[in-house]
Number of protein chains: 2
Amino acid sequence: MDTIIKSLKFDEKGLIPAVVQDWKDNAVLMVAYMNKEAVKRTLKTKKATFWSRSRQSFWVKGESSGNIQKVKEFYYDCDGDCILIKVQQIGGAACHTGHRSCFFTKVTSAGNTKTVGKKLFDPEKVYKKTK
Amino acid sequence: MDTIIKSLKFDEKGLIPAVVQDWKDNAVLMVAYMNKEAVKRTLKTKKATFWSRSRQSFWVKGESSGNIQKVKEFYYDCDGDCILIKVQQIGGAACHTGHRSCFFTKVTSAGNTKTVGKKLFDPEKVYKKTK
């Protein structure tokens, strides 16, 4: 574990980006950030665990929605400054909007945008009200 | 173009990460960074263009090796803080090491690493000597 951590380059905030890919068809589901402890927890528990920059706390992906990500494969890049994990996405959707992938906004050749893919769940029904 | 730029969130260094995926089989080839001008150039020229953090200069991917990336699709994520491009990788290899993908280091279940995938070119023969 320590060898892996030493091979990674964390930025000045102690973070490294992690690309999350579906292990079945290689769709990119999301990109989030890990710190050293999040990397350790991800490797140990096999559940994708990030550091939430907005909440400044550990974030086990899916802990609210139930849509956890079971880590099947773990890679890092030639510079050691980016992680790639291939996961089994429980519930099918990774995005908090209900979309399968966070990358549902496509730029068209005319320079506009269009939404691609259907919503797999209604966020209103999945997330607990906090207000 | 301006609408797209306004939808994106650049970090305090003016950068946004971009995941580069092969449009044929969705393999993740690399992750690099763009600034506003690199986004514009990428959208305009359809050649993946980044901002090199190490060289502090624009970087048309493949300008040295000939292995340019023709941009087929351009997405951004739900938060607008990450880009995903699907490209046709000329020459087959995206990594400066000669590997197809920069993510050729896989962490094994035992916590060791192994190199996956063959090298597609010899960097010594592709890059011009600069010393």
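Mentor: Happy to! Let's begin with strand S5 (residues 69-76) of chain A, which is joined by 7 bridges to strand S6 (residues 83-89) of chain A, the two running antiparallel. Strands here are DSSP runs of E, at least two residues long, numbered from the N terminus, and two strands pair if DSSP finds at least two bridges between them. Within this pairing, Gln69(A) has Gln89(A) of S6(A) as its bridge partner.

A word on the basis: this is a predicted model, where local features need pLDDT of at least 70 and side-chain atom pairs count only at pLDDT 80 or more, while totals for chains, interfaces and linings use all residues. Residues are numbered from 1 along each chain as its sequence is written, chains are lettered from A in the order in which they are written, and side-chain values use heavy atoms, leaving out hydrogens and water.

Asp79(A) is partly exposed, at 37% relative accessible area (between 20% for buried and 50% for exposed, with a 1.4 Å probe and protein chains only). Not counting residues up to four places away in sequence, Asp79(A) touches Lys9(A) and His96(B), contact being heavy atoms within 4.5 Å. With neighbours within four places likewise left aside, Asp81(A) contacts Lys9(A), Ile16(A), Pro17(A) and Arg53(B).

Methods:
Helices (H or I, at least four residues) and strands (E, at least two) are DSSP runs, numbered from the N terminus.
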